[in-house]
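Open the model in your viewer and keep the selection tool at hand. The stops below are meant to be taken in order.

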Amino acid sequence: MSDGTPVFFVEHTDRVALFLRRYSGDERKCGKTGHFCNARVFFCDAPAARDQKGYYQDVAKEGPPHNDPRWPTVCEACGRGFMATDPYQMFQDAIMRAPATGKEWRFRDLPPGACYNAYWDDHHVGPDDRSLVVILPTGHPLHIDSRASNCILPNDKEHRCWVRHGRPEDGTLHVDKNGVTCAAGAGSIAVEGYHGFLHNGELTAG
């Protein structure tokens, strides 16, 4: 049995998940992350609103009153309490579905192996006019059709640092250097905490 991570396709549904979000609105930094304090609590699902290009529009401008106990009161990382002047935000996240299984995830919770079309990126597209992104075992998103950090032809738009073949829908997605490419790497994927390959529909360590 393979020990790789299977790659599978996910697509946008017609729903979004809404969250009640608080965050620090000044220069205070979170003691755990070093960024601003942040917390969100799931509120409800709602019908998505998208424009003609597919971009999501806000579906809820305001949430419940600020004294509603469902609003988070402390940073989810460091536990510091929010100030009354810190922003209150209705935050939304796309709900994605795997057509092959019907299983759903929120966009920011997509698991390793999930692959989607980043339709908003028209600067890096593959042979099928899609911009494919796959979630690596570390949780990092790999934009297959983008440029590698060590690309030696950054201004050349004809080549691909990762040449992809097959399709994520049927488990045949494969990435290598077999095509119009550059000398960067050997078709492997290298990010912090992971080095491997996307071969024959699987992410493997190597």
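This is a predicted model: local features need pLDDT of at least 70, side-chain atom pairs count only at pLDDT 80 or more; totals for chains, interfaces and linings use all residues.

Residues are numbered from 1 along each chain as its sequence is written, and side-chain values use heavy atoms, with hydrogens and water left out.

Select phenylalanine 91, which is found in strand E7 (residues 88-97); strands are DSSP runs of at least two residues, numbered from the N terminus. Phenylalanine 91 is buried, at a relative accessible area of 16% (buried is under 20%, exposed over 50%, partly exposed in between, with a 1.4 Å probe and protein chains only).

Next, select Ala148, Asn150, Trp162, Ser188 and Ala190, which lie nearest the centre of the largest pocket among its 16 lining residues.

Finally, show the cysteines. The whole structure has zero disulfides, a disulfide being a pair of cysteine sulfur atoms within 2.5 Å. Cysteine 161 is in none, and the nearest cysteine sulfur, that of cysteine 151, is 3.6 Å away. Is cysteine 161 buried or exposed? Cysteine 161 is buried, at 2% relative accessibility, whereas cysteine 44 is partly exposed at 26%.

Note on methods
Helices (H or I, at least four residues) and strands (E, at least two) are DSSP runs, numbered from the N terminus. On a 1 Å grid over the protein atoms alone, a cavity is a set of points where a 1.4 Å probe fits but cannot get out, and a pocket is an open set with protein on both sides within 12 Å along at least five of seven lines; lining residues have an atom within 4 Å of a point.
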